[in-house]
Amino acid sequence: IFLVSLDTKTKAVKIVPISRETMVDFDRFSVDGQYAGIKNGQICLSYAYGNDAKSGSENVKSAVSRLLCGVNINSFVTVDLRVIWALTEAVGGVEVTSLETVEPFVKGEKVMLKGRQAVWYVQRRGTDVDANNRRQARQKQFLKAFASKAGNKIVSDFTKLIKYYNTAKPYFTS
């Protein structure tokens, strides 16, 4: 879960990772969508209380807002991890320097991530207490590198924006 903030005056973008393990109050709903009260649990579980991707995503958005003392969140995008595979292929790969040794990546090595490798790099998580934090760091690193590469391609050829949108569309809810 990432909260993205855009300063409309300076155009600065801030990406704030929110650990899936953060304990929050979130809304519970029955199978037929009826409100069933509030539950305290890991924020990642709030998605499961939706009837579909949209209502699950709205529940996560509400939980993040609660976590941040009611801050208004204007919109959300929820993506299936398969979008990473598709978009890295569409931009010709995303280069990163591995932040840690995570099989098959070695800390400090430059790697061109494409398809399955890109998904593996952002999804892989160990079992120790800090594993999720390290994974979030890799995810944030990947997002920045992808946005930079895709943005540069769009600036040089605006039709790429439509291509990337159409590539991602089957994998997201907003």
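Predicted model: local features only at pLDDT ≥ 70, side-chain atom pairs only at ≥ 80, totals over all residues.
Then show what surrounds S46: leaving aside residues up to four places away in sequence, S46 touches F26, G56, N59, V60 and A63. Is S46 buried or exposed? S46 counts as buried, because its relative accessibility is 0%, and buried means under 20%.

**Out to the surface**

Next, select V4, L6 and V13 together. These residues form a nonpolar patch on the surface, and their accessible area together is about 290 Å². You will find L6 in strand β1, which covers residues 2–6. With a relative accessible area of 53%, L6 is exposed, because the cut-off for exposed is over 50%.

**Into the largest pocket**

Now turn to the largest pocket, which holds about 2,200 Å³ of space.

Colour the helices and strands to see where the lining comes from. At least two residues of the lining come from each of β1, β2 (13–17), α1, β5 (78–79), α2 (82–90), α3 (115–123), α4 (131–156) and α5 (159–168). Which of them gives the most? Select α4, which supplies 11 residues to the lining of the largest pocket.

Select K11, in the loop between β1 and β2. K11 is not a glycine, yet its phi is positive, at about 70°. K11 also counts as exposed, because its relative accessibility is 59%.

Move on to C69, in the loop between α1 and β5. Here, too, a residue other than glycine has a positive phi, near 60°. With a relative accessible area of 77%, C69 is exposed.

Finish with E103 and P104. What kind of peptide bond joins E103 and P104? The bond is cis, with omega about 10°. P104 sits in the loop between β6 (94–97) and β7 (110–113).

Definitions and conventions
Residues numbered from 1 in each chain as written. Heavy atoms only, no water. Buried < 20%, exposed > 50% of the residue type's maximum accessible area, 1.4 Å probe, protein only. Contact = heavy atoms within 4.5 Å. Patch = residues over 30% accessible without salt bridge, like charges linked within 9 Å, V, L, I, M, F, W, Y side chains within 5 Å. Areas by Shrake-Rupley, 256 points an atom, 1.4 Å probe, with all protein chains shown as cover. Salt bridge = Lys/Arg side-chain N within 4 Å of Asp/Glu carboxyl O. Helix = DSSP H or I, 4+ residues; strand = E, 2+ residues; numbered from the N terminus. 1 Å grid on protein atoms, 1.4 Å probe; cavity = no way out; pocket = protein on both sides within 12 Å on 5 of 7 lines; lining within 4 Å. Points joined across faces, edges and corners; volume = space filled by probe spheres on them.
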